[in-house]
Amino acid sequence: MNPPMKIRLVPPAERYRESFLRGLREFQHEGLPWWFGGGLETAEQDFAAFVAKKLADSNRRDESFVPKTHLWAVTEEQFVGRLSIHHELNDALRVVGGHIGYDTVPSFRGRGVATEMLRQALPVARALGLTEALLTCDDTNPASIRVIERNGGSLRETKTIDPDKPPKRYYWITLS
Ligand SMILES: CC(C)(COP(=O)(O)OP(=O)(O)OC[C@H]1O[C@@H](n2cnc3c(N)ncnc32)[C@H](O)[C@@H]1OP(=O)(O)O)[C@@H](O)C(=O)NCCC(=O)NCCS
């Protein structure tokens with residue numbers, strides 16, 4: 001077992017370009033990221049624009065999009081994970097996605113990154129005005145279940161949304 005990593009949550013920034021693209025390649029290799037919203041090529045070609053778009057998401061709103069704050073986990077200035085906070089829920093997020101979602105770069109997993117990302121994100125969510133946060137996760141994702149429960153998540157319900165997919169767990173975390 002690797003020792004736990006010390007991480008900081010930071011806003012997306014151009015200086016993480018190399019390690020972010022490396023992490024993205026790892027995510028793509030395993031089929032993620034559904035959250036990326038654009039190809040690796042786009043980020044490679046114009047990382048500044050990519051970062052600007054991520055930052056602008058916190059003020060973007062349309063029929064299917066609610067404002068969203070992106071945060072990156074870095075250790076020694078290297079990107080090791082990402083987390084995002086939806087400032088509010090819409091009908092789709094109430095079913096899948098919730099307020100907060102995260103992924104750890106595969107080669108940095110099992111070292112406490114996600115547990116620490118979520119711990120550091122909770123006061124940020126509070127500062128955004130949330131008093132409680134919904135987190136949804138697959139019933140078959142023990143690592144994510146552990147991350148949420150270690151951060152005070154309380155299981156409200158487990159539901160099957162799609163018979164071909166694992167049931168979803170719905171956790172709420174009270175923000176103080
Ligand atoms: C879920 C995920 C974010 C966890 O990231 P991580 O940085 O490895 O998490 P941590 O190191 O903080 O580990 C959290 C806990 O899960 C446990 N864990 C890790 N992998 C596990 C596994 N495959 N099976 C069971 N437990 C596991 C760890 O031991 C740790 O428990 P502990 O606190 O008792 O030691 C990561 O696996 C990931 O990015 N998965 C793909 C995307 C995803 O599922 N995102 C979440 C969607 S809800």
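Strand E7, which covers residues 168–174, has a covered face made of Arg169, Tyr171 and Ile173, while Lys168, Tyr170, Trp172 and Thr174 make up an uncovered one. Helices (H or I, at least four residues) and strands (E, at least two) are DSSP runs, numbered from the N terminus. The model is a predicted one, in which local features need pLDDT of at least 70 and side-chain atom pairs count only at pLDDT 80 or more, whereas totals for chains, interfaces and linings use all residues. Residues are numbered from 1 along each chain as its sequence is written.

E7 is joined to strand E5 (residues 132–138) by seven bridges, and these two strands run antiparallel; two strands are said to pair if DSSP finds at least two bridges between them. In this pairing Thr136 stands opposite Tyr170 of E7. Strand E6 (residues 154–159) also pairs with E7 in the antiparallel sense, over five bridges, and here Ser154 is the residue opposite Trp172.

## Strand E4, an enclosed strand

How many residues of strand E4 (residues 100–104) are buried? Five of the five are, so the strand is largely enclosed by the rest of the structure. A residue is buried if 20 or more other C-beta atoms lie within 10 Å of its own, exposed if 12 or fewer, and partly exposed in between, with C-beta atoms placed from the backbone. Ile100, Tyr102 and Thr104 point one way from E4, Gly101 and Asp103 point the other way, and all are buried.

The strand that pairs with E4 over five bridges, in the antiparallel sense, is E3 (residues 78–86). Within that pairing, Arg82 has Asp103 of E4 as its bridge partner.

## The fold as a whole

The protein has six helices and seven strands, and along the sequence they follow the pattern β-α-α-α-β-β-α-β-α-β-α-β-β. Its radius of gyration is 16 Å, close to the 16 Å that the globule rule gives for 176 residues, so the protein is as compact as a globular protein of that length. The radius is taken over C-alpha atoms, and the rule is 2.2 Å times the number of residues to the power 0.38.

Taken along the principal axes, the C-alpha atoms fill a box of roughly 45 × 40 × 35 Å. Buried residues make up 29% of the 176 residues. Among contacts with a separation of 6 or more, 61% are between residues 24 or more positions apart, where two residues are in contact if their C-beta atoms, placed from the backbone, lie within 7 Å.

In helix H3 (residues 47–56), the residues Phe50, Val51 and Lys54 are buried. Seen down the helix axis, the buried residues fall within an arc of 95 degrees, so they line one face of H3; the arc is that of the directions from the helix axis to the C-beta atoms. An α-helix has 3.6 residues a turn, so residues three or four places apart point the same way.

The buried residues of H3 pack against helix H2 (40–45) and strand E2 (68–75). On the face turned away from this buried side, H3 carries the exposed residues Ala48, Ala49, Ala52 and Ala56.

Most residues other than glycine have a negative phi, and most peptide bonds are trans. Glu76, however, has a positive phi, near 45 degrees, and Glu77 has a positive phi of about 65 degrees. Glu76 is placed in the loop between E2 and E3, and Glu77 lies in the loop between E2 and E3 as well. Glu76 counts as exposed because it has 10 C-beta neighbours inside 10 Å, and Glu77 is exposed with 11 other C-beta atoms within 10 Å.

Arg119 is found in helix H5 and is partly exposed, with 16 other C-beta atoms within 10 Å. Although 33 residues separate Arg119 from Gly152 in sequence, the two are 9.4 Å apart in space, C-alpha to C-alpha.
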